[in-house]
Amino acid sequence: MLGGAQLQWLKQALARSLATWKVMACDMPLGLIVPDGPAMQEGFANGDPRVLGREHEIADLLSYVKAQRIRNLVFITADVHYAAAHEYHPERATFTQFDPFWEFVAGPLHAGTFGPNRLDATFGPAVKFAAPATKPNRPPSEGLQYFGLFSADPKTRAATVTLHRRDGQEIFRQVLASAER
């Protein structure tokens, strides 16, 4: 998904960053199994708890972030058609060389619904929130599409992530405390 050159650039950019929060926007979720036909996967996760395939890139990135003591990493992902909040922790994972982090999933606003999807245990995700299951492919006119907002308080350095229904109704809120680098 990333390729060697892009992964190297990303590592260097994260190591140089002075930002309190390192927000990684990725169009594919990390731990959700997103089937693409009977034997293929769209995302990083593949349903096997071992580090396989595309998961090698995520394992490489996460272990680098841990080794470099880069703090406050948050993933904002999409592609699946519902909203979710996942907390990743090495104590639940089969790959353990990383620090805990969050992933927030939302979108798209204009497509039919599906989900929630199953999780892959490789990086130890736990569902902290998932929008309720619906019949597949419900249209936007039913209001079951989602979006998310991320904000950081310059005084406290805390971040707040909220997930919303298409009509703006907040359905989930998580406040994240900043860890010092």
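Me: Before we look at F104, what does buried mean here?
Reply: Buried means under 20% relative accessible area, and in this predicted model F104 counts as buried because its relative accessibility is 2%.

Me: And W102, is that one buried or exposed?
Reply: W102 counts as buried as well, since its relative accessibility is 12%, which is under the 20% limit.

Me: How many aromatic pairs are there in the whole structure?
Reply: A search of the whole structure finds nine aromatic pairs. One of them joins F95 and F98, whose rings are stacked, with 6.3 Å from centre to centre and 0° between the planes.

Me: Are F95 and F98 buried or exposed?
Reply: F95 is buried at a relative accessible area of 16%, and F98 is buried too, at 1%.

Me: Back to W102 and F104, why is that pair stacked?
Reply: The planes of W102 and F104 lie at 0° with the ring centres 5.4 Å apart, so the pair is stacked; planes under 30 degrees apart count as stacked.

Me: Which residues do ring pairs link into a cluster?
Reply: The cluster linked by ring pairs consists of F75, Y88, F95, F98, F101 and F123.

Me: New topic: in what sense do β6 and β7 pair?
Reply: Strand β6, residues 146-152, pairs with strand β7, residues 159-165, in the antiparallel sense, and there are seven bridges between them. Within this pairing, Y146 stands opposite R165 in β7.

Me: What about the turn, how many residues are between β6 and β7?
Reply: Six residues lie between β6 and β7, which form a hairpin, and R157 in the turn has a positive phi of about 65°.

Technical notes:
Residues numbered from 1 in each chain as written. Predicted model: local features only at pLDDT ≥ 70, side-chain atom pairs only at ≥ 80, totals over all residues. Heavy atoms only, no water. Phe/Tyr/Trp six-rings, centres within 6.5 Å; stacked < 30°, edge-to-face > 60°. Buried < 20%, exposed > 50% of the residue type's maximum accessible area, 1.4 Å probe, protein only. Pairing = 2+ DSSP bridges. Helix = DSSP H or I, 4+ residues; strand = E, 2+ residues; numbered from the N terminus.
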